[in-house]
Amino acid sequence: MVTPPGPEGSPAASYDPMRQFTELAGDVRDPYPMMAEIRAGSPVLQVGLRPRPGQYQHDEKAPRIGALFTVTSHECAQQVLTDNVRFSSAGYAMTIGQVMGRTILEMDPPEHLRHRALVAKAFRARVLDQWSDAVIGGCVSELIDAFAGDGHADLIRQLTFPFPVRVIARILGLPEADWPRFLRLSTELIAVMRNWDRAVAAGRELRGYFGEIIADRRRNTRDDLVSQLVRAEVDGHRLSDDEIYPFLLLLLPAGAETTYRSSSNLLFGLLSHPDQLDAVRADRALVPQAIEEALRWESPLLTVARVAAEDVELGGVSIPKGGFIAVSLGAANRDPGRYSDPDEFDIFRAPKPHISFGDGPHRCLGMHLARVETQVLLNAVLDRLPQLRLDPAAEDPHIHGLIFRSPPDLPVHFDPAGAEGARRAVSDRGRGLP
Ligand code: HEM
């Protein structure tokens, strides 16, 4: 059943998906002054007339796209995202839908609620807690074991990037022997904005692969997400393979790319503010607020899209039916009307929810999973890598990007002898030894 990853030297092996990500992010260091200027002028701004011809692949069922608007205030962003009647998600059919198929991301009511309800149970906080040690903790430990003895690492390539795809592979119940192939195809799929043809080909291959997994779970049901989808019913009928594929494909860009970038931003925030890193290391009760502050400060996904389903008025601006609306989560999270000193990374700021997981009916289905993953990852890094610090020789560590944001690399040093002691202590604790 399992096809191995491409042999060394094959086009698949020489292709470097990490470089694609770095290029895709673009070297835009600080888009926030530009966003602040736009927001100060108007929270909603018409930025263009129509997309350039050929900018999107057109789909007969997709709405016709009109003028382009951008939304930069927290209040207006929330108004758009919580109202899925006036602000439709159907525009995703022309972008990500071309690669994934019809996912819940592009559905409007009532179809959206029915399909989302089918999978929502698997992502509830209570269900996820059961996985945190066995599945999520296991994935982090394996990755850290591989470099803990070296005294140095690039935390992106060696930890935050491979981590969430491994978690998803386990949640889906994929055999371990398939992980290298799954990782390669997932990475190609989520680099869709950079290399469309390769992403489409990866999507096709993943469908074939998932087809075998689905057929297997139809014969032998198990305790994994694919089995749950196979058993699920909408309006009294079981989901077909064609209804299950898009959801499985969506989990990769939605679940893997965002989480890798957000945990990288958190580590970057703490490593570049060593006083706050020390505070979290000393008091782990600060971990959840550090995670939320990093999500607010550097939203991994800067923008989500909607299309006006009717003529609407938003922030004093008229948007005609069909108007394409780019909601800037990054700008909303740094709205000075809501957050004081919004550009500062400050884990001690008064808690106020951010909008990095979106809002309203499409609010991120995987946010509990993302939080648990990040919590487990940060605690493991603090437990296992003593004296962790940015590599003093690192050239210009920074976060960049205009579509997605994260650091291109995160070279660190730590004490390898201490790391070995920490490994033994953590493993003894796991076996209940004093
Ligand atoms: C820090 C990590 C994450 C961030 C910042 C994030 C962000 C978002 C945002 C902004 C949306 C809303 C999109 C919109 O309204 O157009 C969304 C939706 C979604 N996310 Fe996440 N996400 C993260 C992690 C995850 C994970 C781990 C999973 C699952 C494995 C996941 C699965 C989904 C799904 C299935 C949707 C579609 C929900 C719907 O349309 O009803 N996400 N996410």
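Predicted model: local features only at pLDDT ≥ 70, side-chain atom pairs only at ≥ 80, totals over all residues.
## The protein as a whole

The protein contains 19 helices and 12 strands, and of its 434 residues 53% are buried. When contacts between residues at least 6 apart in sequence are considered, 74% of them join residues that are at least 24 apart.

## The surroundings of the ligand

The ligand is surrounded by 29 residues, and the closest are Tyr92, His112, Arg306, His362 and Cys364. By class, this shell consists of 17 nonpolar, 9 polar and 3 charged residues. Helix 6 (111-120), helix 14 (241-271), strand 7 (303-308) and helix 18 (367-384) each supply at least two residues of the shell, and the largest share, 7 residues, comes from helix 14.

The ligand carries an iron atom, and a single donor from the protein, the SG atom of Cys364, lies 2.3 Å away from that iron atom. Cysteine 364 is placed in the loop between helix 17 (329-332) and helix 18.

| Protein atom | Ligand atom | Distance |
|---|---|---|
| Histidine 112, polar side-chain atom | oxygen | 2.6 Å |
| Arginine 116, polar side-chain atom | oxygen | 2.8 Å |

## Helix 10 and the residue after it

Helix 10 spans residues 162-172, and because 9 of its 11 residues are buried, this helix is largely enclosed by the rest of the structure. The buried residues are Pro162, Phe163, Pro164, Val165, Val167, Ile168, Ala169, Ile171 and Leu172. Just after helix 10 comes glycine 173, which takes a positive phi of about 80 degrees.

## Backbone geometry elsewhere

Most residues other than glycine have a negative phi, and most peptide bonds are trans. With that background, some places in the backbone of this model deserve mention.

Proline 109 and proline 110 are joined by a cis peptide bond, with an omega of about 0 degrees, and proline 110 lies in the loop between helix 5 (97-100) and helix 6.

Glutamine 387, although it is not a glycine, has a positive phi of about 55 degrees. Glutamine 387 sits in the loop between helix 18 and strand 11, and with a relative accessible area of 52% it is exposed. Aspartate 396 is likewise not a glycine and has a positive phi of about 55 degrees; this residue is found in the loop between strand 11 and strand 12, where, at 43% relative accessibility, it counts as partly exposed.

## Serine 406

The loop between strand 11 (389-390) and strand 12 (411-413) also holds serine 406. Is serine 406 buried or exposed? Its relative accessibility is 2%, so serine 406 counts as buried. The side chains of serine 406 and arginine 261 are joined by a polar contact of 2.7 Å. Leaving aside neighbours within four places in sequence, serine 406 is in contact with Tyr260, Arg261, Ser264, Asn265, Ile399 and His400.

Alanine 422 belongs to helix 19, which covers residues 416-430. The relative accessible area of alanine 422 is 11%, and since buried means under 20%, this alanine is buried. Alanine 422 and leucine 385 are 37 residues apart in sequence, and the distance between them in space is 7.6 Å from C-alpha to C-alpha. Not counting residues up to four places away in sequence, alanine 422 touches Asp383 and Arg384.

Conventions. Residues numbered from 1 in each chain as written. Heavy atoms only, no water. Near = heavy atom within 4 Å. Polar contact = N/O pair within 3.5 Å; in protein donor to acceptor, adjacent residues only side chain to side chain. Helix = DSSP H or I, 4+ residues; strand = E, 2+ residues; numbered from the N terminus. Nonpolar A, V, L, I, M, F, W, Y, C, P; charged D, E, K, R; others polar. Buried < 20%, exposed > 50% of the residue type's maximum accessible area, 1.4 Å probe, protein only. Contact = heavy atoms within 4.5 Å. Donors = N, O, S within 2.8 Å, 3.2 Å for Na, K, Ca; no water.
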